[in-house]
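The following questions and answers examine a single protein chain. Please consult the sequence and the structure as each point is raised.

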Amino acid sequence: MGMEILRELNPAQQEAVKFSGGPLLILAGAGSGKTRVLTYRVAYMIGEGGVNPENVLLLTFTNKAAGEMMGRVDNLLARHKSQAISQKVTGGTFHSFCARVLRRYADEAGVDRNFVIFDERDQLDTVRQVMTVLGIDPKSIRPGSILGAIGGAKNELIGPAEYTSFTRGSFTNTVARVYPVYQQLLTKYRALDFDDLLVKTVALLKNEQGVLKKLTGQFRYVLVDEYQDTNKAQYEITKMLGRGYRQLTVVGDAAQAIYSWRGADYRNLLLLKQDFPDLTILNLEQNYRSTQNILSAANRVVAKNTDHPILKLWTDRGEGEKITVYEAENELMEAQYVLDRLTSDIFSDFAVLYRTNAQSRVLEEAFLHAGIPYSLVGGVRFYERKEIKDILAYLRLVVNPGDEVARKRAEKSGKTRLNKFSDTNFQFLKRKTLDLLDEVLKVTGYLDQFEQMDEEDAARLENVKELRSVAMEFDDPAEFLEQITLTERESRRAGEYKSGSVTLMTLHAAKGLEFKTVFMVGMEEGLFPHSRAFMDRGQMEEERRLCYVGMTRAMDKLHMTYARQRLYFGQRTNNPVSRFVADIPEDYIVAGNVRSTGKAGFAKRFEKESWGFDEEGNWKWKPEEEINF
């Protein structure tokens, strides 16, 4: 079987598959066939190396990925006339593996053998119970934000007692009050949440050496996918299991680490060398997805990062078309540019990527009006998002106080807010929509429930701000609401298209996918990179990695667009082109319009207008100075 299976791999992949010299780190670039290498490695170990499949543990981040990998291993073994025995391999997510371990060693772990696993809804209900007991108003602080903070602490192996030393401000002080009571309730209910599965397993392996010895004896070969996405708890689990027989294989790419806000830490790739001094590092740099122009440009963007290794991807697909950079007059012309370049009826070949969910609004409306089917992946259509429907309910009540459907919606968003709203005499006649919207937000205090530092809350705030952009287009509030209702109806009908549609998605949601043609829109300073990254070097490096991920989704053609002026969050902005576009050498690009030619068109705008500190220490545009992060 050995030589047959190896003929299907390139030399670097063969080396990784055949390797048998101890701990192995495979740095696999975008589109380099990392899943292929993992599955072939498992099949090779079993079919050629004589490894007992029961001694193999394969950990991934989704059950779907685990199932697909096991299926591929079975197919390989069967195709090469070996028995399909991968069902004896233990494969799954970290959480599913930990759940199995905890049930098997429940007594040693100090948990009820028949524990239930709380999903997010169960967890939120429990947090709300704790807030009620402690007298914390859920309208003043979102239970979801508290739950997110508790989950983040658990991922870092920070318990309730230890968390108190990390409190900074009122929010974290509130979390410190809720956290211990939340854990007490989980124990009372004989329940574990998803993060507990990891935390309890780490404690079990550290405190019970007998259990650790049994597990390392069983799982002598440990393989982990997407290692740049592991958190501290997951790192500790793989480190302890891998130290047994030192047959640990991890695959990852620091340049695709874009989930720090979920607790993922790409530095776990670097820590492996400390914990496994005999670690062998192999690079997979041949890309099978994109053209060389796309890869070279993406590399120039991410190569400015200094905190992690950078792979230099190459392909034998040829140079391909140059990247098109287009400067639009405004956000509407930017959307029109995308529509004009849907050059075939195979809409599924195209994807439009953007940095924030709020940006989908203009794109959705443009696609609806053009009658082109689209799918919004990993998100909710703009006018169906909870915060948008809540605010629109208040505006409907201003225009028509007898709208009981809107009143019920507003009541669900908070009786206190509705009472404040009802106590206010809104004069909506001869009032501009934007003024009325801002007054409703002020009176109800609707935005007060969101924590700016919470990733989900920040997205909701941006969506509400983007509603202001729509409001600016309609002086008459009644006309504004009527137009939104019509757009909602069209949007629901468009939702019936599931196949053969253009994909709209955030850059984060695009990871792991590929499309023949990719549009990256909104390439402006403050939008991408996001303004939240300006003051933090680590966040700016993550924005660069996110840009790299977006660019390497494209197989044949990549368009990067920006607007000279953009109506965004209810304001007209005039931001310079993104530094990421300015980083791309002219050799790899072609202008999408006459004005944007070479440095004179777009890169020069960034060079002349960079973010910086003025003499008084205020953060603002600072002409004629390049800012280094």
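**Charge, fold and local geometry**

Q: How many positive and negative side chains does the chain have, and how far apart do the centres of the two sets lie?
A: In this predicted model, the chain carries 86 positive side chains and 88 negative ones. The centres of these two sets are separated by 4 Å.

Q: Why can the chain be called as compact as a globular protein of its length?
A: The chain contains 26 helices and 19 strands. For 629 residues the globule rule gives 25 Å, and the chain is close to this value, so it is as compact as a globular protein of that length. The radius of gyration of the chain is 26 Å.

Q: What percentage of the residues in the chain is buried?
A: A residue counts as buried when its relative accessible area is under 20%. Of the 629 residues in the chain, the buried ones make up 56%.

Q: Is Thr174 buried or exposed?
A: Thr174 belongs to helix α10, residues 169-188, and its side chain reaches the backbone oxygen of Ser170 at 2.9 Å. Leaving aside residues up to four places away in sequence, Thr174 touches Ile136, Ile141 and Ile146. The cut-off for burial is under 20%, and Thr174 has a relative accessible area of 14%, so Thr174 is buried.

Q: Which residue caps the N-terminal end of helix α19?
A: Helix α19 covers residues 404-412, and Gly414, with a positive phi near 140°, follows this helix. At the N-terminal end, a side-chain oxygen lies 3.3 Å from the backbone nitrogen of Val405. The residue that provides this cap is Asp403.

Q: Is Arg190 buried or exposed?
A: Arg190 is located in the loop between α10 and β5. Most residues other than glycine have a negative phi. Arg190 is not a glycine, yet its phi is positive, at about 55°. With a relative accessible area of 53%, against a cut-off of over 50%, Arg190 is exposed.

Q: What is the relative accessible area of Arg246?
A: Arg246 sits in the loop between α13 (232-242) and β7 (247-252). Its phi is positive, near 55°, in a residue other than glycine. Arg246 is partly exposed, with a relative accessible area of 28%.

Q: What is the omega of the peptide bond from Phe528 to Pro529?
A: Pro529 lies in the loop between β13 (515-520) and α24 (537-551). Most peptide bonds are trans. The bond from Phe528 to Pro529 is cis, with omega near 10°.

Conventions
Residues are numbered from 1 along each chain as its sequence is written. This is a predicted model: local features need pLDDT of at least 70, side-chain atom pairs count only at pLDDT 80 or more; totals for chains, interfaces and linings use all residues. Side-chain values use heavy atoms; hydrogens and water are left out. Helices (H or I, at least four residues) and strands (E, at least two) are DSSP runs, numbered from the N terminus. The radius of gyration is taken over C-alpha atoms; the globule rule is 2.2 Å times the number of residues to the power 0.38. Buried means under 20% relative accessible area, exposed over 50%, partly exposed in between (1.4 Å probe, protein chains only). Lys and Arg count as positive and Asp and Glu as negative; His and the chain ends are not counted. The place of a charge is taken as NZ of Lys, CZ of Arg, CG of Asp or CD of Glu. A polar contact is a pair of N or O atoms within 3.5 Å; within protein, one must be able to donate a hydrogen and the other to accept it, and residues adjacent in sequence count only if both atoms are side-chain atoms. Contact means heavy atoms within 4.5 Å.
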